[in-house]
Structures are given as structure tokens and as C-alpha cells.
Amino acid sequence: MSQRYAAQGGGRVRNGMEYRKLGRTDLEVSVVGFGASPLGDVFRRTDPLEGQLAVHRAIDEGINFFDVSPYYGLTLAEERLGAALDGRRKEVILATKCGRYGLDDFDFSAGRVTQSLDESLNRLRTDYIDLFQAHDVEFGDVQQVIDETIPEMRRLQEQGKARFIGITGYPLKTLIRIAEAVPVDSILTYCRYNLMINDMDTVLMPVAHKHGIGVINASGLHMGILTDQGSPDWHPAPQKVRDAGKQAAAFCRQQGVDLSRIALRYCFDHPGVASTLVGMSNRSHVTENLDAFRSQVSLELVKRVSAILAPVFNYVWPSGRQENQDSSRS
Ligand code: NAD
């Protein structure tokens, strides 16, 4: 059993939502976070009006943490989120990113970081970002991220354009290397803690705890694998991992429960994670995921689903430059 770390400052409950401090920042983020990548049609085409209503429902129901990036839908997600937040900006904690602009388009230089933030502010219709993050750092030159990207982001923080700064990515090794070399306020990692994997808990959490860094867990649904609909074609996991997800979904259907509910409940229960980001673009998913947060799931069911997923548990795929990757398991 791994050691569990509590979020810095503990959680506060208000109107059925829990808010946790993000590391040593003064941001109190909702445990259920709104991942805005689906607003950029990253998983499938979505209805912009429905997306806007989903954002409004989320805010009305107490979700205050929204995460986006210029990369999602090649600026479409930021545009749509900015439109949805018009008039409601002050009600939310807004996170966006810099450094990634396309599938193979990365630029972590100081000049691009500054330009990127100004562009994001424009699209998001605001004059500050609460959390500005270097996006998918494993695709960059890590030394540049340490020596140039992060210091430039701190400069922008001093100017008041960003309140706090963080890093995001997949390989834990690289995230840890950067966080140990230069202070960061938060680390966002994805597909590293959910029913399919737990190394965020065992590998990243002790380091984040030691340095007082806030942890954001993204993709509790393993980017769609742990849903009835399944994963998009571009998903990096091999077929056997996707098939295990399908088997788990079929088992849950037989039991009359939704796999995504079990998966998210499991993530929300980690006490050291400030917020779990779930990708959402419609009102029914917002409601279902809030229901998942507010309800309990039987431990027996979690055990049975975990047994189905056990043969592919802790599978890690390659991501980023060769030297920045975690060793993968096939
Ligand atoms: P996810 O695991 O949250 O899965 C999203 C998919 O699940 C979408 O297709 C969505 O429509 C679907 N979904 C959501 N709720 C559902 C429900 N109740 N029932 C069935 N399907 C449901 O994956 P994600 O969107 O990639 O991750 C969440 C967010 O985390 C992203 O939107 C993004 O903001 C952030 N993120 C950041 C990084 C990074 O910075 N490198 C990487 C991955 C994710």
C-alpha cells in the first residue's frame, strides 16, 4: 500500500464541493476540475453552445478550476472557453499553458513564452492567468526549460500577467528533474493516477510533498479508455490497454453502473491531489461527474474492475524526446 499525502492546507467544503489549496499558492481549487481540451474538438466534434452551457453549469455547481492550452484544437478550446467565461472570469481559477502549439510544434524560448501568454490572454478575454504552465515539457530541451522557460514565466508572474506557474507532462522522471532544479508552484501530470496506473502516487507525490508543490491529476478517465464510448483513434496506449478498458466497461454495464463514475470516484479520493481534471464539453457529463464526486462506490466493485485491468496495470507509453522518457513496459 502506498503512502498517501494530504493536500497542503486540507480541503474546505462549500455547497457540496470541496476546495483544496494548490501547494503553497493561495489558489483554492475545486477537487473536480474542468478540463477544457474537449471544447477544442480534441476527442470528437462538439457543439459550441452546448460547451458554453457546460462551462456555465460547472461554475453554477461549484467547479472553479478550468484548464486549457493554446494546443487544444489549435487555439479553438481557448477561444471557446474565453467566450464562455465572458462576464464570469472572476468566478474561476483559470489555467493555461505555453510551449506546445501543435502535434510536433514546440517552442519553449523566452520570446515565444511571452508572446504566447499575450495571445492566450486575448483569446481568454482576460488580463491575467491564475496558473501559467509549460506544456508537455518532455518534448523540449529540459535544460532550456530550466534555464530559460521557467525564469521567463516568473518574469511574467512579476508583471502580474500570471499569478502562479507550473509544468505539465507525462514522464514523471522529467517533471521531477525540472521541479528539483528550479522552483515551480504546480505539476500537472496525466494518465499517471487512475484505475489503470498509480505511479503519480508512488513516484511523484513524495517529491511534490517535499517541495510544497501542488499536484493536479489529469485524465482520470485515461483519456477516454475508462468510458463507455472508449478512446479516440489517436490514443497512445496499445490495443491491449484499450481492450482491457472495453472489458471493464462491459462488466460495469452488466452491473448497472457506469465505469467512468467508478474511475473518477477513485481519483477524487486521493487526498494529496488538489484537483482532478476531467475533460468535459456537455452538461450531462458535468452532471454525471459531479454525481460521481457526491456519491460512493462499493469497494468490492472497484476491486473487481481493478482485477480486469490488472494485466495492463501501470503500462507506460513513450512520450517526448528519447532522453526525457520514463522506461516503458510492454
Ligand atoms: P479524460 O480522461 O478526462 O477523458 C476525457 C474524455 O472523456 C472526453 O471524451 C469526454 O467527453 C469523456 N467524458 C468525460 N466525462 C464523461 C462521462 N461522465 N462519461 C463518459 N465520458 C465522459 O481526458 P482529458 O480530457 O485528456 O484530460 C482532462 C483534462 O486534463 C484535459 O481536458 C486537459 O485540460 C488536462 N490535460 C492536460 C495535459 C497536459 O497538460 N499535458 C494532458 C492531458 C490532459
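Trainee: How many salt bridges does the count come to in this structure?

Mentor: This is a predicted model, so the count rests on computed positions. A pair is counted when a side-chain nitrogen of Lys or Arg lies within 4 Å of a carboxyl oxygen of Asp or Glu. By this rule the count comes to 23 salt bridges.

Trainee: How many residues apart in sequence are the parts that the pair of Arg163 and Asp26 ties together?

Mentor: The side chains of Arg163 and Asp26 meet in a salt bridge, with N and O 3.0 Å apart. Arg163 belongs to strand β10 (residues 162-169), whereas Asp26 sits in the loop between β2 (17-21) and β3 (28-30), so the parts joined by this pair are separated in sequence by 137 residues.

Trainee: Which residues are linked with Asp26 in a network of salt bridges?

Mentor: Besides the pair of Arg163 and Asp26, Asp130 forms a salt bridge with Arg89, whose closest N and O atoms are 2.9 Å apart. Asp130 lies in strand β9 (residues 129-134) and Arg89 in the loop between α2 (76-85) and β6 (93-98), 41 residues apart. Asp130 and Arg89 are both buried. The residues linked with Asp26 in the network are Arg89, Asp130 and Arg163.

Trainee: Where does Lys161, which pairs with Asp118, lie?

Mentor: The side chains of Asp118 and Lys161 form a salt bridge at 2.8 Å from N to O. Asp118 is part of helix α3 (residues 110-123), and the pair ties together parts 43 residues apart in sequence, because Lys161 lies in the loop between α4 (142-158) and β10.

Trainee: What share of the ligand's exposed area does the protein bury?

Mentor: A polar side-chain atom of Asp67 lies 2.6 Å from an oxygen atom of the ligand, and a polar backbone atom of Leu221 is 3.0 Å from a ligand oxygen atom. Taken alone the ligand exposes 830 Å², and of that area the protein buries 95%.

Trainee: How many residues of the shell around the ligand are charged?

Mentor: The ligand is surrounded by 29 residues, and the closest are Ser37, Asp67, Asp136, Gly279 and Asn289. The shell divides into 11 nonpolar residues, 13 polar ones and, as the charged group, 5.

Note on methods
Residues numbered from 1 in each chain as written. Predicted model: local features only at pLDDT ≥ 70, side-chain atom pairs only at ≥ 80, totals over all residues. Heavy atoms only, no water. Near = heavy atom within 4 Å. Polar contact = N/O pair within 3.5 Å; in protein donor to acceptor, adjacent residues only side chain to side chain. Areas by Shrake-Rupley, 256 points an atom, 1.4 Å probe, with all protein chains shown as cover. Nonpolar A, V, L, I, M, F, W, Y, C, P; charged D, E, K, R; others polar. Helix = DSSP H or I, 4+ residues; strand = E, 2+ residues; numbered from the N terminus. Buried < 20%, exposed > 50% of the residue type's maximum accessible area, 1.4 Å probe, protein only.
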